[in-house]
Amino acid sequence: DKIRDMVIISLSSSHFKALVLLILIAPSLPFSSTTRTGFDSVFQNISYKLRMAESGGESSGSGSNTAFKPSIVLTAAGSDLAMAAAEAEAMKHGWEVTICVCDAGGVPIQVKRNSFPASYDIAVGKAKTAAQFGKETGVLEKAVNVAEGTSRTSLLSSPFILMRGGVPFIIDGVICGAIGVSGVQAAQDEQVAKAGVAALADIV
């Protein structure tokens, strides 16, 4: 264990000469099979790290890896906070709405319906659209609405709900979910959704 620690310390402090020497002499030292297994594991890990650093896949200084990107996952607890804030906003104004909180992939974490039956699918669709596009659905609605004689009507053929009322959660540039609301006027739906998003933004 002490020698293994020496190897790790050697690597982290970039004393490569000492590390290479240890690797060279380790096979001839009278270690037990358990200790030698530990050595093999350490050396394999070191070899991997060196290969990654050499190929540019991992920086020995920052520990970054170009094969992956960091993500932020919306938890059930976070979903509860957002839902509670959105519900409070709707209740404050006496609005009967359906609210959907979904993850980054657009999959619902929870849905609460307090409006007409079709509002369920609409709210879920708004949340999914906002999450997968990483945009407020109001922005997408503007793209398909006719303005000054022009519009992007081809978007209507896509399997998304291009109606105002879906707002994504974006934390440090990472999309981690969205809220979709349906049941009242478009601006009111969006107001409720934004209240839920704001509740999470306040605790980041």
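Trainee: Glutamate 89 has its place in helix H4. What makes a stretch count as a helix or a strand here?

Mentor: Both are DSSP runs numbered from the N terminus, with at least four residues (H or I) for a helix and at least two (E) for a strand. H4 covers residues 76-93, and it has 18 residues. Before we go on, keep in mind that this is a predicted model, where local features need pLDDT of at least 70 and side-chain atom pairs count only at pLDDT 80 or more, while totals for chains, interfaces and linings use all residues. Residues are numbered from 1 along each chain as its sequence is written, and side-chain values use heavy atoms, with hydrogens and water left out.

Trainee: Good to know. Why is glutamate 89 called buried?

Mentor: Buried means under 20% relative accessible area, exposed over 50%, and partly exposed in between (1.4 Å probe, protein chains only). Glutamate 89 has a relative accessible area of 13%, so it counts as buried.

Trainee: What makes the pairing of glutamate 89 and glutamine 191 a polar contact?

Mentor: The term asks for a pair of N or O atoms within 3.5 Å; within protein, one must be able to donate a hydrogen and the other to accept it, and residues adjacent in sequence count only if both atoms are side-chain atoms. The side chains of glutamate 89 and glutamine 191 meet at 2.8 Å, so the pair qualifies. Apart from residues up to four places away in sequence, glutamate 89 touches Gln191, Val192 and Ala195; contact here means heavy atoms within 4.5 Å.

Trainee: Which residues of H4 are buried, and how do you know on which side they lie?

Mentor: They are Gly78, Ser79, Ala82, Met83, Ala86, Glu89 and Ala90. Taking the directions from the helix axis to the C-beta atoms, they cover an arc of only 130°, so they are on the same side of H4. An α-helix has 3.6 residues a turn, so residues three or four places apart point the same way. The face turned away from the buried side carries exposed Ala76, Ala77, Met91 and Lys92.

Trainee: What do the buried residues of H4 pack against?

Mentor: Their partners are strands E1 (98-103), E2 (108-113), E3 (166-171) and E4 (174-182), along with helix H7 (186-201). Among the buried residues of H7 are Asp189, Val192, Ala195 and Gly196.

Trainee: What makes a group of residues a nonpolar core?

Mentor: It is a set of buried Ala, Val, Leu, Ile, Met, Phe, Trp, Tyr and Cys residues joined through side-chain atoms within 4.5 Å. The largest one has 19 residues, and Val97, Ile99, Val101, Phe169, Ile179, Val181 and Val192 touch the most other members. H4, E1, E3, E4 and H7 each give two or more residues to this core. A second, separate core of eight residues includes Cys100, Cys102, Ala127 and Ala131.

Trainee: Why is aspartate 172 called exposed?

Mentor: Its relative accessibility is 72%, which is over 50%, so aspartate 172 is exposed. Aspartate 172 is in the loop between E3 and E4, and its phi is positive, about 55°, although it is not a glycine.

Key:
The expected span of a helix is 1.5 Å times one less than its number of residues.
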